[in-house]
Amino acid sequence: MTQDFPWYRSYPEGVPHEINPDRYQNIADVLDEVAQKHPNHVGYENMGTGLTYARTVELSKDFGAYLQSLGLKPGDRVAIMMPNLLQYVVALFACLRAGLVVVNINPLYTAREVHGSLVDSGAKAIVIIENFAKTLEKAIGDTNCEHVILTAVGDLYPCLKRTFVNFMVRKVKKMVPAFNLPGAVRFNDALQIGREKGYTPHPANNRETAFLQYTGGTTGVSKGAVLTHRNILANMAQVSAWISRAMKEGEEVVMTALPLYHIFSLTSTMVYTQLASTMVLITNPRDQDALGKTCQKYDYSVIIGVNTLFAAMLGNKEFLSHKFTRLRMTVGGGTQVQSHVALRWKEQTGCPILEAYGLTECSPGVCGNIPEANWDGSVGVPIPSTEVSIRGEGFQDLGVCPSPDRIPEFTGEICVRGPQVMLGYWNRPDETAEALRDGWLRTGDVGYMNDMGSVTITDRKKDMILVSGFNVYPNEVENVIAGMPQVLEVGVVGVPNDKTGETVKAVIVRKDPTLTAEQVKAYCKTMLTNYKLPRKIVFVDELPKTAVGKILRHELRNVD
């Protein structure tokens, strides 16, 4: 990339315009390198038990050897279905170093959804926490999944703690329903078998597939994005270059509350692994009191989250009593961070939210704000070795917006080109051809770029509401309603209307149970022009969301 792009003018001193995506040949090479430099440094910690980098390498080789002993070959798919546990990290690196392809499955999926993921990916093995084994029992029929490795929450804890924790989970809390999975092997037994057989190094090639990472499905059916080792390694290098000035190798403590099976959390964890950080793995981020107490215990320097997580934490007394003495970086992604959340977070913690933009198909990072910059509603500028183009009708490049009053004519689909962009969608050539055009990924997101290369997203193209020929962006209406003190959460969609084509519908979770639809409408009238006003308002107890808190807008249309 030799062109002088406008976003280069926004780059902080010392941030390169380009990165080398070919420094490593396998993602596990990064772990091995860090383990050589910092063998005794704790890389991953869960409920007070930590794995050093050297121990993580050792265990991943043992588990990789076990997978090899099953007859699995490079390119075979292995599903991992568990929350943030030490076992997840071990299984992940084991698969990658053995040349196997990781298929992340949300452990909260129904049997139907698990079955669909196994069938679509063709996974031959699955590593699953026993809490959801009953779901797998119902899902595994008529799939290619021949091998099941079961783990329990405490399997990598010291002996006494492991026995106590697993007893509590199984017998006291009764969180493991009875199941029948003949031939399933226990995780610790698999480690022992692999240790005895020995790991055979796989000749690495960064063009090999590392993940079939299924898209969030917020606008339809999930598709498996084919991500190579090079895709992920490139994005790791891009993000590392972007944040390196603000981070110190071997000193960061990262609060990892988002599930590792989500690409945002996964790649972020790989970035901080490369920085020899300590990742504090939160198994159940929905338990806000426990999360708040964990925040109290660890003097963490980094937290990665989404808008709903930040909002929930700001309402938790345990979290708010924390002193935030070391917090230097808060990264928000997955969905737009709302302005009132960003402002409250900065007031409470003293640390601004660094909003970034990405998507599964880009491994996921595309744009980011400059570390330590105050939130301004944009997603920042393209990161190194990344090109962003705003495309209009006919796929023409609209260029940069020269002034705020001309935003509408320079708003179009955000398209991305760079080494982090996926190869395509697994077994979906037609959808791959639609998404990838002339080397550009068509994101389906709508926005504009200013003359300094900063990108502002107005909304998902498929979520855009058309009212009497006028575009209404749900994010804008959501931000207005979310600013009401009586509102906890809100999602906005378009619904059919005979007169206007579509009209705006708001689905609201109330903080104040006395809040009425008329109050919401009256408030919106003071903030929005007429065609943007919500005509239909529905109150619910909770909004449908993905595992990482992204609102499922397509489901809101059916909420009455």
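**Ground rules.** I number residues from 1 along each chain as its sequence is written, and side-chain values use heavy atoms, with hydrogens and water left out. As the model is predicted, local features need pLDDT of at least 70 and side-chain atom pairs count only at pLDDT 80 or more, while totals for chains, interfaces and linings use all residues.

**Core.** I looked up the largest nonpolar core and found 126 residues, with Phe-63, Phe-211 and Tyr-272 having the most contacts inside it. Such a core is a set of buried Ala, Val, Leu, Ile, Met, Phe, Trp, Tyr and Cys residues joined through side-chain atoms within 4.5 Å; buried means under 20% relative accessible area (1.4 Å probe, protein chains only). Helix H3 (residues 86–97) gives the most to this core, 10 residues; helices are DSSP runs of H or I, at least four residues, and strands are runs of E, at least two, numbered from the N terminus.

**Phe-211.** Which residues does Phe-211 touch? Not counting residues up to four places away in sequence, its list includes Leu-92, Leu-96 and Ala-225 (contact: heavy atoms within 4.5 Å).

**Sheet.** Next I traced an open, mixed sheet of eight strands, ordered E7-E6-E5-E3-E4-E8-E9-E19. E7 (185–186) and E19 (424–425) are its edge strands, each pairing on one side only; to pair, two strands need at least two DSSP bridges between them. E9 (residues 224–228) runs antiparallel to E19, over two bridges, and Ala-225 has Tyr-425 as its bridge partner there.

**Leu-488.** I found Leu-488 in strand E25 (residues 487–497). Beyond its neighbours within four places in sequence, Leu-488 contacts Val-509, Arg-510 and Lys-511. From Leu-488 to Gly-424 I noted 64 residues in sequence and 38 Å in space, C-alpha to C-alpha.

Methods. Buried < 20%, exposed > 50% of the residue type's maximum accessible area, 1.4 Å probe, protein only.
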